[in-house]
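The model is shown first.

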Amino acid sequence: MDYRYRILQRETCYEGFFRLVRLRLRHAQFAGGMGASLTRECIHKGEAAGVLLYEAETDCVALVEQFRVGALEQAGADASQAWLLELVAGYREAGEGIEDVARRETLEEAGCTVLDLIPICRYLVSPGGSSETMSLFCARVRAPRSGSIHGVADEGEDIRLHVLPVEDAWQRLQDGGIGSAAPVIALQWLRLHHRELRARWAGS
């Protein structure tokens, strides 16, 4: 396979909180040669960091609950479904490292300080139509009070914190109560690394 592509035309259709670009392109085919011209739209939202907050001493995780416009259609008649349980997360600003984002967002959205930080993975969120990437971390924290309210008011954030025993969070995931990609991936990672992570952090 000769992995090649050619951009024939690029047009910015919208620029605001995100940027929408329309591309006309051709790319190599598995059977050989270049395929026909295609038109595709791509949303550019930048690079985000997501953080699973873990307190090893109590074996608890902290998740955030907030309103998400992308969940409105699936919510239907049950308005509560537009509020999702998620990780602390946010986008990288100019001149900021991705670990700096993780630390800043943990303070802004959960009111606590990162004591240690372990990378989980980096992935494309929805590569069929977006260039957005997510870098996931697990942070050692002293868990704040469950039910406390956080967020940056100027950014319209209204965030409630949930502190759950790890097994309760895992059960909620299995029951379908956690439905966005980042916490699903992070909790599955924690399930695989739970014993070693608790041993590493609980006694230090």
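## Helix α3

In helix α3 (residues 166–174), the residues Val166, Ala169, Trp170 and Leu173 are buried, where buried means under 20% relative accessible area, exposed over 50% and partly exposed in between (1.4 Å probe, protein chains only). Helices (H or I, at least four residues) and strands (E, at least two) are DSSP runs numbered from the N terminus. The buried residues of α3 fall within an arc of 100 degrees seen down its axis, so they line one face of the helix; the arc is that of the directions from the helix axis to the C-beta atoms.

The cover over these buried residues includes β4 (47–55), β5, β11 (159–165) and α4 (181–202), with contact meaning heavy atoms within 4.5 Å. Gly176 follows α3 and has a positive phi, near 85 degrees.

## Basis of the model

This is a predicted model, in which local features need pLDDT of at least 70 and side-chain atom pairs count only at pLDDT 80 or more, while totals for chains, interfaces and linings use all residues. Residues are numbered from 1 along each chain as its sequence is written, and side-chain values use heavy atoms, with hydrogens and water left out.

## Cysteines

With a disulfide taken as a pair of cysteine sulfur atoms within 2.5 Å, the count is 0 disulfides. Cys13 is in no disulfide, and its nearest cysteine sulfur, that of Cys42, is 11 Å away. Cys138 is also in no disulfide, with the sulfur of Cys112 nearest at 12 Å. Cys138 is buried at 0% relative accessibility, whereas Cys13 is partly exposed at 33%.

## Strand β5

Phe67 lies in strand β5 (residues 60–67) and is partly exposed, with a relative accessible area of 39%.
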